[in-house]
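Subject: Structure handover

Hello,

Here is the structure I said I would pass on.

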Amino acid sequence: MKLSIFYDGQYFIGLVEIKSNNKLQVYRYIFGQEPKDQDVLDFIHNDLLRLIEKHDQTGVPIKKECLKKINPKRLQRKVSKEIQQRGISTKAQEALKEEYEQRKKVQHIQTKEVKEAQKQYKREIKVQKAKNKHRGK
């Protein structure tokens with residue numbers, strides 16, 4: 001069991017990691033302002049068990065790759081590469097983008113049909129004028 005406390009920009013958060021039977025369980029607890037030593041000890045003695053029982057996670061299997069130590073320079077290269085390739089961050093944005101692409105395709109097809117109809121109409125008028133001229137009108 002491991003308790004990590006970090007500051008996320010707004011609050012101090014406690015992250016409890018439990019590794020057992022090749023599974024990882026993670027729990028998050030928000031402390032709020034910077035916790036003192038006594039606050040952390042109170043959390044460990046009183047609230048930690050309630051937090052674990054309340055959520056009752058089954059755990060995520062730990063892959064063998066995660067246990068292997070990665071060279072820090074290689075890790076840094078991987079991180080920078082992923083940041084550069086970072087695309088859409090959420091599923092909602094991805095869904096909006098797909099919807100936008102579909103509307104764009106439909107609009108393109110409709111515009112093409114309208115242009116084709118206008119060309120056909122102009123051609124019919126031209127043919128009709130030619131027939132009228134031929135008849136002498």
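**The chain as a whole**

Please keep in mind that this is a predicted model. The chain has 137 residues, and buried residues make up 12% of them. Its secondary structure comes to four helices and four strands. Along the sequence the pattern reads β-β-β-α-β-α-α-α. The accessible surface is about 13100 Å². Carbon and sulfur atoms hold 51% of that surface. Now take the contacts with a separation of 6 or more: 35% of them join residues 24 or more positions apart.

Start with strand 1 and strand 2. They pair in the antiparallel sense over six bridges. They also form a hairpin, with four residues between them. Gly9 sits in that turn and has a positive phi of about 110 degrees.

Next come strand 2 (residues 12–20) and strand 3 (residues 23–32). Nine bridges join them, again in the antiparallel sense. Their hairpin has two residues between the strands. Asn21 takes a positive phi there, near 55 degrees. Ser20 stands opposite Lys23 in strand 3. Glu17 stands opposite Val26, also in strand 3.

Strand 4 pairs with strand 3 over two bridges, in the antiparallel sense. Here Leu24 stands opposite Val60 in strand 4.

**The core**

Which residues form the largest nonpolar core? There are nine: Phe12, Val16, Ile18, Tyr27, Phe31, Phe43, Leu48, Leu51 and Ile52. Strand 2, strand 3 and helix 1 each give two or more residues to this core. Helix 1 gives the most, with four residues. As a general point, nonpolar side chains in soluble globular proteins tend to be buried together.

Phe12 lies in strand 2. Is Phe12 buried or exposed? Phe12 counts as buried because its relative accessibility is 19%, and the cut-off for buried is under 20%. Phe12 touches Ile5, Phe6 and Tyr7, among others. Its contacts also include Tyr29, Ile30, Phe31, Gly32, Gln33, Glu34 and Pro35. These lists leave out residues up to four places away in sequence. Phe12 and Ile30 are 18 residues apart in sequence, yet their C-alpha atoms are 6.2 Å apart in space.

Val16 is the other one. Leaving out residues up to four places away in sequence, Val16 touches Met1, Lys2 and Leu3, as well as Gln25, Val26 and Tyr27. Phe43 and Leu48 are also among its contacts. Of the residues that Val16 touches, Tyr27, Phe43 and Leu48 are also in the core.

Leu3 is found in strand 1. Its bridge partner in strand 2 is Val16. Beyond its neighbours within four places in sequence, Leu3 is in contact with Gly14, Leu15, Val16, Val40, Phe43 and Ile44.

Why does Leu3 count as partly exposed? Its relative accessibility is 31%. Partly exposed covers the range between the buried cut-off of 20% and the exposed cut-off of 50%, so Leu3 falls in that class.

Leu3 also belongs to a nonpolar patch on the surface, with Ile5, Leu41 and Ile44. Together the four have about 280 Å² of accessible area. Strand 1 (2–7) and helix 1 (37–55) each give two or more residues to the patch.

Best wishes

Conventions:
Residues are numbered from 1 along each chain as its sequence is written. This is a predicted model: local features need pLDDT of at least 70, side-chain atom pairs count only at pLDDT 80 or more; totals for chains, interfaces and linings use all residues. Side-chain values use heavy atoms; hydrogens and water are left out. Two strands pair if DSSP finds at least two bridges between them. Buried means under 20% relative accessible area, exposed over 50%, partly exposed in between (1.4 Å probe, protein chains only). Contact means heavy atoms within 4.5 Å. Accessible areas come from the Shrake-Rupley method with a 1.4 Å probe; for residues, only the protein chains shown count as cover. Patches are made of residues with over 30% relative accessible area and no salt bridge: like charges are joined within 9 Å, nonpolar side chains (Val, Leu, Ile, Met, Phe, Trp, Tyr) within 5 Å. A salt bridge is a side-chain nitrogen of Lys or Arg within 4 Å of a carboxyl oxygen of Asp or Glu. A nonpolar core is a set of buried Ala, Val, Leu, Ile, Met, Phe, Trp, Tyr and Cys residues joined through side-chain atoms within 4.5 Å.
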